[in-house]
Amino acid sequence: MVLDRSWTPFNGVLSRGYTSGHTWLRLKIDPRIVERKKHPNDNRLIVRILPHHLDEVAVFFSDHLTEPAFVVGDTISPPVSDMRLHTHFITIEEATNPFELLLRLRTNSNHSIYAEALTLNDARDADNRQLIELTVFFVFTSTAIILTALIWMPSRDHVFVNFLAVTFIGVVLGSILLGAPRLPYFDGVPPGVVDQLTSFLVPVYLFLMIIFHSRILIRSEEHTSELQSLAYLVCRLLLEK
């Protein structure tokens, strides 16, 4: 059984890199230590699961492993709920006594995951902060794109074109990671489309980043060693693939 395995304690974000297997997490939650200031009679807890690009996270109660799991992820439709969050989440309706959850992560991307149990109001506050981060990120990066475009127009320098492409794709990827696909504007997008888009854009982003930095280094003879190191790193990555 899963519970009989050897478990390694961790705090914060769990990151295992890229792996073809599943990653299991065991969360011990004690609702008695949660402060319910605004609604003391509301026993619901919200388990938020980040980041957004995770393919599939199955959530089991450790004492009911034979029952169907709650499954969330960017390849799955969001659960039917009376509230909207910009992260993956499940709702524990009557959370009054300590309990354990088992999370099984399956994803083609980096096995990095963060989970937290919050009251309804705290979950909404955390979600609002995430939405503010998304807005600030979008405004600043969009400003950088506009300024770069204005500088490029008279010079027509190819380096600026590379920078524009890298920044634009970075905006798209960053917005996905910060939960933009959960905005109401994207309700009609079928599950899995964002996952496929992310899988396509990540290697394109890395490729354009390599071209951009290579062109910067080529312009300066002082950085020949850095360019050689970059070429060596690219070759290593290609050989490992």
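A: Let's start with Phe99, which counts as buried because its relative accessibility is 16%, under the 20% cut-off. Keep in mind that this is a predicted model, so everything here is computed from predicted coordinates.

What does Phe99 pair with? Its ring partner is Phe61: the two ring centres are 6.0 Å apart and the planes sit at 45 degrees, so the pair is tilted. The two residues come from distant parts of the chain, with Phe61 in strand E4 (residues 56-61) and Phe99 in strand E7 (residues 99-106), 38 residues apart. Is Phe61 buried or partly exposed? At 22% relative accessibility, Phe61 counts as partly exposed, because buried would need a value under 20%.

Now step back from the rings and follow the chain. The protein has 4 helices and 8 strands, and reading along the sequence gives the pattern β-β-β-β-β-β-β-β-α-α-α-α. Of its 241 residues, 37% are buried. If you take contacts between residues at least 6 apart in sequence, 74% of them join residues at least 24 apart.

Pro51 sits in the loop between strand E3 (45-50) and E4, and the peptide bond from Leu50 to Pro51 is cis, with omega near -5 degrees. For background, most peptide bonds are trans.

On to the helices. Two packed helices are described by the angle between their axes and the distance between the axes. Helix H1 (residues 120-155) packs with helix H2 (residues 158-177) at an angle of about 165 degrees, and their axes are 9 Å apart. An angle over 145 degrees counts as roughly antiparallel, so that is the label for H1 and H2. H1 passes H2 in a left-handed crossing. By class, this contact has 13 nonpolar, 7 polar and no charged residues. On the H1 side the contact includes Leu134, Phe137, Phe138 and Trp152, and among the H2 residues they meet are Phe160, Phe163, Leu164 and Phe168.

Ala144 gives you another way to see these two helices together. Ala144 lies in H1 and is partly exposed, with a relative accessible area of 26%. Ala144 and Leu164 are 20 residues apart in sequence, and their C-alpha atoms are 8.6 Å apart in space. Leu164 itself is one of the H2 residues in the helix contact.

Further along, Gly192 is found in the loop between H2 and helix H3 (193-218). What is the state of Gly192, buried or exposed? Gly192 is buried, with a relative accessible area of 12%. Gly192 touches Asp74 and Thr75, leaving aside residues up to four places away in sequence. The C-alpha atoms of Gly192 and Gly73 are separated by 9.1 Å, although the two are 119 residues apart along the chain.

Finally, look at Ile216 in helix H3. Ile216 is partly exposed, with a relative accessible area of 38%. Its C-alpha atom is separated by 7.5 Å from that of Val159, a residue 57 places away along the chain.

So, back to where we began: Phe99 is buried at 16% relative accessibility, and its tilted partner Phe61 is partly exposed at 22%.

Methods
Residues numbered from 1 in each chain as written. Predicted model: local features only at pLDDT ≥ 70, side-chain atom pairs only at ≥ 80, totals over all residues. Heavy atoms only, no water. Buried < 20%, exposed > 50% of the residue type's maximum accessible area, 1.4 Å probe, protein only. Axes fitted to C-alpha atoms, helices over the stretch in contact; angles between N-to-C directions. Parallel < 35°, antiparallel > 145°, perpendicular 65-115°, else oblique. Left-handed = near helix turned anticlockwise from the far one by under 90°. Contact = heavy atoms within 4.5 Å. Nonpolar A, V, L, I, M, F, W, Y, C, P; charged D, E, K, R; others polar. Phe/Tyr/Trp six-rings, centres within 6.5 Å; stacked < 30°, edge-to-face > 60°.
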